[in-house]
Amino acid sequence: MSNLIRKYELILKTFREISLSDNFYYKPVKPKLSDLELITLSITAESSGIDSEYQLFRELRFSKLEGRIERSVYNRRKQKKYFIVDSMPLKICKNARITRSKICKDQDGAFPNQGFCASQNARYYGYKLHAVCSSDGMFENFDLSPASVHDIHYLMYIKTQMSDCVLLGDKGCLSSEIQMNLFETDKIKLETPMRNNQMNFKTYPFIFKKSRKRIETLFSQLCDQFMIRRNYAKTFIGFKNRILTKITALTTIQYLNKFVFGRNINNIKVNLI
């Protein structure tokens, strides 16, 4: 037995102790290599310094994993859609100015209002940016809503835009009814941490906790470098365009990093020329 296979079995054993199942999303035909086994194989390869799929499949020859998955299928499934959903507050004025503020009140149906940010434990006046990003940190979907709109309502919107994927949410997305609806209608598996006092409490997998940090980093980049919370707009159209421009700018730099400079797409604070 090769050293690679020994590592693989050790990591797989550990993952199975903390994972609820071997497959994380709906499949009409059960694959020979489960999602958990595929993730384990990818992590094993990286930890062994194997960054070439060609070399990896050479290492797998004459092992028990040979023939369980084709190289093209491995590449495609390794990039299977795992997305992270979250929201962030966009305050447009201080709370003391709420009653006399006329900012963004020019368009019916798009008025700002008061909401609560759990992470900051504070009320604010303005909007909420809802977003979905991929596991490598690219925005896939986003929308604006008044601050009082709950994150769950955004989930019901994005199910018309996405399907057959795993969506990693926080406790704000916790709803067994919504989870069932997303899966039954669009094969979207919503994974959220459970509350400690819930029946049949199960720990949120560490790999999901780690993946969720990706969208938190994106929000931080929007706030720090692109100053998305600094608002000079007076109309809703102006406000909306500012938000769209900042997200487009971030995405453009990610594109240049990957396809022009060949570096980490999330190294945002770099000179382009």
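## Close-up views of a predicted model

**Figure 1. The whole chain, element by element.** Residues are numbered from 1 along each chain as its sequence is written, and side-chain values use heavy atoms, with hydrogens and water left out. Taken along the principal axes, the C-alpha atoms of the protein chain fill a box of roughly 75 × 55 × 30 Å. Of the 273 residues in the protein chain, 44% are buried; buried means under 20% relative accessible area, exposed means over 50%, and partly exposed lies in between (1.4 Å probe, protein chains only). Among contacts with a separation of 6 or more, 56% come from residues 24 or more positions apart, a contact being heavy atoms within 4.5 Å.

**Figure 2. The second largest pocket.** About 550 Å³ of space lies in this pocket. Which residues are closest to its centre? Of the 24 lining residues, they are D86, S87, C117, A118 and S119. Two or more lining residues come from each of β1 (82-93), β2 (113-117), β3 (122-134) and α7 (206-224). By type, the lining divides into 9 nonpolar, 8 polar and 7 charged residues. Here Ala, Val, Leu, Ile, Met, Phe, Trp, Tyr, Cys and Pro count as nonpolar, Asp, Glu, Lys and Arg as charged, and the others, Gly among them, as polar. For the grid-minded: on a 1 Å grid over the protein atoms alone, a pocket is an open set of points where a 1.4 Å probe fits, with protein on both sides within 12 Å along at least five of seven lines, and lining residues have an atom within 4 Å of a point. Grid points are joined across faces, edges and corners, and the volume is the space filled by probe spheres set on the points.

Figure 3. Side chains of opposite charge can pair when their charged atoms come close. A salt bridge is a side-chain nitrogen of Lys or Arg within 4 Å of a carboxyl oxygen of Asp or Glu, and by this rule the count comes to 8. R16 meets D22 in one of them, at 2.9 Å from N to O. D22 is partly exposed at 26% relative accessible area, and R16 is partly exposed at 39%. R16 also pairs with E37, at 3.3 Å from N to O. E37 lies in helix α2 (residues 35-47) and R16 in helix α1 (residues 3-18), so this pair ties together parts that are 21 residues apart in sequence. E37 is buried, with a relative accessible area of 8%.

**Figure 4. A salt bridge between K128 and D151.** The side chains of K128 and D151 meet at 3.4 Å, N to O. The pair links distant parts of the chain, with K128 in strand β3 and D151 in helix α5 (residues 151-158), 23 residues apart. Are these two partners buried or exposed? K128 counts as buried at 10% relative accessibility, and D151 counts as buried at 12%. Elsewhere, salt bridges that share partners join R16, D22, E37 and R68 into one network.

**Figure 5. T40 and its neighbours.** T40 sits in helix α2 and counts as buried at 0% relative accessibility. Not counting residues up to four places away in sequence, T40 touches Y8, I11, L12 and F15.

Figure 6. How many disulfides does the structure hold? The count is 0, with a disulfide taken as a pair of cysteine sulfur atoms within 2.5 Å. The closest cysteine sulfur to that of C117 is in C223, 10 Å away and too far for a bond. C117 counts as buried at 7% relative accessibility.

**Figure 7. Positive phi in two loops.** Most residues other than glycine have a negative phi. N200, which is not a glycine, has a positive phi of about 55°. N200 lies in the loop between β6 (188-191) and α7 and counts as exposed at 64% relative accessibility. M227 has a positive phi near 50°. M227 is placed in the loop between α7 and α8 (236-259) and counts as partly exposed at 35% relative accessibility.

Conventions
This is a predicted model: local features need pLDDT of at least 70, side-chain atom pairs count only at pLDDT 80 or more; totals for chains, interfaces and linings use all residues. Helices (H or I, at least four residues) and strands (E, at least two) are DSSP runs, numbered from the N terminus.
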